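Let's take a walk through this structure together, one neighbourhood at a time. Have your viewer ready, and follow along as we go.

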Amino acid sequence: MNLSFSFIIPVYNRPNEIKELLDSLRLQTYDQPFEVVIVEDGSTISSEEVIGEYVDYLSISYYKKANSGPGDSRNYGMAKAKGNYFIVLDSDCILPPQYLKKAEKSLKDDFVHCYGGPDAAHESFSTVQKAINYAMTSFLTTGGIRGGKRAVDQFQPRSFNMGISKEAFENVGGYGNIHPGEDPDLTIRIWNKGYRTKLISEAFVYHKRRIDWNKFYIQVNKFGMVRPILNKWHPETKKVTYWFPTVFCLGFIIALILLFLGFKVLWFMYCTYFLVLFIDTLLKTRNIKVSFLALLATAIQFFGYGYGFLKSTLYINFSNKEPEEIFPKLFFRVK
């Protein structure tokens with residue numbers, strides 16, 4: 001395939017974010033034309049003025065629409081795009097200069113209709129951002145599902161950094177209206193159509209999550225809540241490992257109870273795990289504050305996801321209602 005790339009970027013009330021991303025797109029070392037499609041998803045704080053600063057430097061298409069969520073906005077952008085291979089990004093990402101060149105090389109060497117890339121922490125990130133990045137990407141916390149390692153089975157791309165061909169997009173019908181969870185749902189439907197996915201580890205982004213601890217808890221709690229819904233829609237993808245955060249949390253509570261009763265073995269195991277996390281973070285970041293905060297981020301991630309997963313599993317399996325009725329806030333209404 002003669003690749004023609006279109007970046008698809010939904011934005012919602014984040015003009016400063018989109019400026020940083022467009023700056024990084026200007027610095028790409030890729031020497032072929034590429035397109036940037038920005039979809040303003042019902043923002044009350046417009047990015048139009050910021051985007052206007054880049055029209056002389058980048059091939060930008062800018063669209064405004066009513067708020068309907070990131071999945072529908074990505075579909076909208078891909079339907080408008082002129083390229084034959086779409087690269088979907090979150091607006092809080094920054095690309096290293098070699099990103100597009102690395103992605104193209106990998107696709108030419110081993111073409112797939114859908115790929116995902118990792119996210120990394122930039123040196124300019126705050127300590128909280130670096131700690132959350134570690135919790136979200138480390139093999140010791142998530143198994144590397146966001147691109148920290150080469151997946152043993154088929155890799156599930158995430159749309160903060162995801163490529164998809166126009167052919168695959170049109171064949172599967174794009175993203176659904178669930179959020180979060182639209183990424184694995186799309187990937188599973190791509191697999192069901194016979195397309196292959198892969199990780200391009202060299203095509204990483206700096207994912208500059210603008211987030212605090214409360215927002216992080218809400219985010220991972222929603223991640224936990226959508227997984228049983230995806231299991232209901234795609235039962236062939238169920239894995240016992242999805243229960244790990246819930247079991248981890250229940251085990252932690254049991255460990256505390258046993259500790260007060262004089263049984264220390266289970267508590268010692270948890271302490272050992274967090275010590276390993278601390279050492280691993282320290283070795284990778286060389287920052288003791290980030291290492292301590294990474295422990296907090298990991299605990300929030302496990303408890304937020306674990307509780308959300310358990311709650312959603314009970315509701316989904318013991319209710320006669322559809323997921324959209326049980327958890328309406330996890331679905332966008334597409335007009």
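**Cysteines, strands and a helix pair**

Cysteine 93 has a relative accessibility of 1%, so it counts as buried (buried means under 20% relative accessible area, exposed over 50%, and partly exposed in between, with a 1.4 Å probe and protein chains only). A word on the ground rules: this is a predicted model, where local features need pLDDT of at least 70 and side-chain atom pairs count only at pLDDT 80 or more, while totals for chains, interfaces and linings use all residues. Residues are numbered from 1 along each chain as its sequence is written, and side-chain values use heavy atoms, with hydrogens and water left out.

Back to the cysteines. The closest cysteine sulfur to that of cysteine 93 belongs to cysteine 114 and lies 16 Å away, too far for a bond. Cysteine 271 is in no disulfide either, its nearest cysteine sulfur being that of cysteine 249 at 16 Å. With 36% relative accessibility, cysteine 271 counts as partly exposed. Searching the whole structure turns up zero disulfides, a disulfide being a pair of cysteine sulfur atoms within 2.5 Å.

Now for the strands. Helices (H or I, at least four residues) and strands (E, at least two) are DSSP runs numbered from the N terminus, and two strands pair if DSSP finds at least two bridges between them. β5 and β10 (residues 205-207) run antiparallel and are joined by two bridges, with isoleucine 94 partnered by tyrosine 206 in β10.

Next, look at β1 (residues 5-11). Seven of its seven residues are buried, so this strand is largely enclosed by the rest of the structure. Phe5, Phe7, Ile9 and Val11 point one way, and Ser6, Ile8 and Pro10 point the other. β1 pairs in the parallel sense with β4 (residues 85-89) over four bridges and with β2 (residues 35-41) over six bridges. Isoleucine 8 stands opposite valine 88 in β4 and valine 37 in β2.

Finally, visit helices α11 (residues 265-285) and α12 (residues 288-317), whose axes come within 8 Å and cross at roughly 130 degrees. Axes here are lines fitted to C-alpha atoms over the stretch in contact, with angles from 0 to 180 degrees between N-to-C directions.
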